[in-house]
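Subject: Structure handover

Hello,

Here is the structure I promised to pass on. Please have a look, then read the notes below.

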Amino acid sequence: MESLCINCLSLFLPTEIPTVTIKHAAYNTTYGFNVTLECMIVSSPNHTHVYWQHIYNETVLNITSDSPGVYGSKVTDPSLTILHVTAEDSGDYICFAVNIVGTGNSEPTSLTVLGGIHLFTFIEPNKSWNDV
């Protein structure tokens, strides 16, 4: 038995893992500042989850929108903003997007944190540096 189709419409829906790109291969920021690592995602079907990985001193840490000290890393805002960066935030970051087909990831981007904790010495009144 053959089927007959009159005025049929064939619809092609691409089904691929998400394509994930980053804007810059490296970022430099100053200790204590906020920094945003930009991530762009093209996905069909639409992506349903976004997360980042931070690689530092051979340790891999997954970062999601629920992680402390960050915002972003969401389907609607995939870029990652790290609040009040410290030296431990230095390292490589990879953006990931997940759809029903699979998981796509960006190339790594490198974050370098410049500066560090400033220590201050307060001298009591009527004392000199020689008394400290």
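From the N terminus on, the protein chain runs β-β-β-β-β-β-β-β-β-β-β. That gives 11 strands and 0 helices. Both kinds of element are DSSP runs, numbered from the N terminus: helices are H or I with at least four residues, strands are E with at least two.

Some ground rules. This is a predicted model, where local features need pLDDT of at least 70 and side-chain atom pairs count only at pLDDT 80 or more, while totals for chains, interfaces and linings use all residues. Residues are numbered from 1 along each chain as its sequence is written, and side-chain values use heavy atoms, with hydrogens and water left out.

Next, the disulfide (a pair of cysteine sulfur atoms within 2.5 Å). The whole structure has 1. Cys-39 is joined to Cys-95, with an S to S distance of 2.2 Å. Cys-39 sits in strand S4 (residues 39-42) and Cys-95 in strand S9 (residues 91-98), so the pair ties together parts 56 residues apart in sequence. The torsion about the S-S bond of Cys-39 and Cys-95 is about -80°, so this disulfide is left-handed. Cys-39 and Cys-95 are both buried, meaning under 20% relative accessible area (1.4 Å probe, protein chains only).

Now the chain totals. Of the 132 residues in the protein chain, 32% are buried. The accessible surface of the protein chain is about 9400 Å², and carbon and sulfur atoms hold 55% of that. Areas come from the Shrake-Rupley method with a 1.4 Å probe. Contacts are heavy atoms within 4.5 Å. Among contacts in the protein chain with a separation of 6 or more, 61% are between residues 24 or more positions apart.

Best wishes

Key. Buried < 20%, exposed > 50% of the residue type's maximum accessible area, 1.4 Å probe, protein only.
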